[in-house]
Amino acid sequence: MQRTRSLWIAATSSFLLFVASLAGARRPHYGGELHIEIREQIPSPDPANRAFTETLPTEVFETLVRVDEQGEIQPWLATSWTHDVAQKRWLFIPRTNVTLHNGSLWSPPGGAISFPDDKPIEQILRELANPANAVVVHEPDGKLSGTGPFRIARWEPGKTARLEAHETYWGGRAFLDAIEIQMGRAIREQLLDLDLAKTDVAEAEVTDVRRLRQRGVDVRLSKPADVLVLVFENSQIDAATREALALAIDRNAIQSVLLDRQAEISAALLPQWLSGYAFLFPAVRDVNRARALAHAQPRLRFAYDRDNTLIRSVAERIAVNASEAGITLVSASGTPDVTLRRLRLTSMDEMQALNDFASALRISLTPAASVYETEKQLLGEFRIVPLFHLPAVYALGKNVRDWTSLQRLEDVWLETR
Amino acid sequence: MHAIIPPVFGACLLLALFAVSDVENAVQLLASKIASHLAPADSPRLAVRNISSFPAEDVTNVRAGLLRILRKRGRSTGAADVTVTISENVRGYLLVAEIRKKNMSAIEMVNIKPSSLPQPRLLAVSKRLVWEQPEPILDLQEAGDRMLVLSPARIARYERHAGKWSMVEVADLAVPAIRDPRGRIELEQEKINVFLPGAVCRGSWEPLKLTCELTSADFTLDGAPVHFAPARNTIEGQRRSTPRAAFGDYISVCDNKILASSASAPDATDTITIFNGAAAVSEPSDFPGPVTALWPAPDGALAVARNLTTRNYAAYALSVDCGH
């Protein structure tokens, strides 16, 4: 069996959605440095590092196959795959003329990469599409070489990084000459720097969208992908208390007042646009039932990122809601009983995304008969209480063109003014 | 290379396995899944709702199909409640059944891939060679037996006699040179406006009499006022940004579709295709070199390609069949 797809099909199916643009210049310009500021402090550019793959997964290191915007597998560094003669292994045929960042040709020994045929091919492909399984060459000097459109020119752990265009990239050289990344910048600092033209791209919160747009700033929102969740860290907290807290939260009020209606109310980890079944997880408020369940009037240690204004305001409202059900949430030192966290969707493959959520929460995930059953099992005992899906928000400088996301910078170019 | 296979998941790709060839099959499959939770003679109460972009007129068919199959089972109505939700995910439509009985509830899902829905027939782009010349053609306007051809530094008027075009007059345009020149002609009865990056020339076109001034002026493209960025090859104010995989020119056609040239290199042949959102909805129309201009025209569009063999610039009138 051989599975090949024409380049034309791959290209058209991997089209991104059209994005509204303030200035619709159509012929991209080559050159320039894109300055980006991010909150994340990424210690290392290794694709095995979660913080790195969540931020810049495809710009430096590439995988044999990819999951496209429709959740379908597409050939990438491997152009096709076939069984060996004995039908015991899968052979992946590497793309030709792929050069590594160190200048050498990427040519897997034997002309093919093989994997045992010990599981369904769909599963093998989805595992190969995981950014953690990208092609990485560890150089003798400790640096990492990949095949992507940008190479790492400088990396100061957690502080700054410089990516430069890979001149011989097989998919065509990126338009930008370089990307300068400043890490660990608070949203407020980022937006100030955008105002002062010290950066071209700044992250923003959903609560900033209206204000920025009123000022004429080009603001881009992704599909709602980040999920805001309550996580019970203390396994001693009983199921009734956990359910009581879940039932006490007034998601509607938080969504309309604190999140400026830019978030989607949800009680599921995977967003509705990805799974299609998120509506099956009810996000209802029932204070009477919550009171009945929390009759012991528990007192829980509650932790959240106090430096993040949005998270802090949501957490404070949750504490008020909880008190209405007789649950006291207090900030106290020591191991928290419950935390409010923001998790990022890492994959268009639902099972992989659930796996990544579980791994971020240090919860073991036992796959069930379907993705839905697996998610239901994960959420079943209210150890994780999803609240909202939030879009990633980026504010762009006036000269940034063809922006789609922080994960896809090879098509971005700068208008010279 | 890093370890390729991480800890294995029994990532049961249930939805993918359930993908069926058409809506009718999906309905049948879902009905049989629902039935597996019912006693042999049970006929459930059925509610169908649509929270997706699934065509409203087809919701009735889904409901009717489910009822037809489930009611065949028996007359013991009301033993179970079934709510079927037509939902949507990145792969397509999803039929989700919530089955509730006295002491039991269950969920069943069936995926319908968009490709399995009736596909509209492909739209078509056909082309007719209008004019060819060694000098770049920025725009061309045909009006019966008269034609205006805009080049970077001049505009020429042609007339057709006995099927053959001949130049009648030419007017030089006093505008700065641009490395990647672009231009647009707008006619309004006897008046003519020629828009160039950082310049506009106004006057009459029969005879050709134009006065140019160095300023940016708006012309209309896809119903929106736009202008060339001075000293650049870009248009500012266009309503949509370029499709990612087609870095060439593009215009709106056929009710919100896009006619776009591909990301051709300067030394490669090119294509023009109609796109609907993410998908190509016409066969690509081939050109003998890179498309250097693409403008809307009364009957479709005008495309200019640089013929790689002759090195001439060739203007084509494109007819777009929108399938109406």
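In which sense do strand E17 and strand E19 of chain A pair, and over how many bridges? This report takes up that question, then moves through both chains. The model is predicted.

Strand E17 (residues 299–303) and strand E19 (residues 338–343) of chain A pair in the parallel sense. Two bridges link them. Within this pairing, Phe302(A) stands opposite Val338(A) in E19(A). Helix H10 of chain A, residues 309–324, packs on the sheet. H10 touches strand E15 (226–232), E17, E18 and E19 of chain A. The direction of H10 makes about 140 degrees with that of E19(A).

The sheet itself is open and has six strands. Their order is E16-E20-E15-E19-E17-E18 in chain A, and the pairing is mixed. Strand E16 (264–265) and strand E18 (328–330) of chain A are the edge strands. Each of these two pairs on one side only.

**A helix with a buried side**

Helix H12 of chain A covers residues 371–379. Its buried residues are Val371(A), Tyr372(A), Thr374(A), Glu375(A) and Leu378(A). These residues cover an arc of only 160 degrees around the axis, so they are on the same side of H12(A).

**Confidence in chain A**

The mean pLDDT of chain A is 88. Of its residues, 93% reach 70 or more. Residues 1–26 of chain A are another matter: pLDDT stays under 50 there. For that stretch the model has 60 contacts beyond four places in sequence.

Chain B has three helices and 24 strands. It has 324 residues, and 36% of them count as buried. Take the contacts in chain B with a separation of 6 or more: residues 24 or more positions apart account for 45% of them.

One open sheet of chain B has four strands, in the order E6-E7-E8-E9. The pairing is antiparallel. Which strands stand at the edges? They are strand E6 (139–143) and strand E9 (164–172) of chain B. Each has a single partner strand, so one side of each is left without a neighbour in the sheet. Neighbouring strands of this sheet are turned by 20 degrees against each other on average, direction ignored.

Five bridges join E6(B) to strand E7 (residues 146–150) of chain B, and the two run antiparallel. Gln141(B) has Leu148(B) as its bridge partner in E7(B).

Is Ala80(B) buried or exposed? Ala80(B) counts as buried because it has 23 C-beta neighbours inside 10 Å. Ala80(B) lies in strand E2 of chain B, residues 76–89. Not counting residues up to four places away in sequence, Ala80(B) touches Leu38(B), Asp42(B), Pro44(B), Ile99(B), Arg100(B) and Lys101(B).

Glu167(A) has another setting. Its place is in the loop between strand E11 (160–165) and strand E12 (178–182) of chain A. Glu167(A) is exposed, because 12 other C-beta atoms lie within 10 Å.

Each of these residues can be set beside a partner further along its chain. The table gives both separations.

| Pair | Apart in sequence | Apart in space, C-alpha to C-alpha |
|---|---|---|
| Ala80(B) and Lys101(B) | 21 residues | 4.6 Å |
| Glu167(A) and Asp177(A) | 10 residues | 9.1 Å |

Note on methods: Residues numbered from 1 in each chain as written. Chains lettered and ligands numbered in written order. Predicted model: local features only at pLDDT ≥ 70, side-chain atom pairs only at ≥ 80, totals over all residues. pLDDT = per-residue confidence, 0-100. Contact = placed C-beta atoms within 7 Å. Buried ≥ 20, exposed ≤ 12 C-beta atoms within 10 Å, placed from the backbone. Pairing = 2+ DSSP bridges. Axes fitted to C-alpha atoms, helices over the stretch in contact; angles between N-to-C directions. Arc of directions from axis to C-beta.
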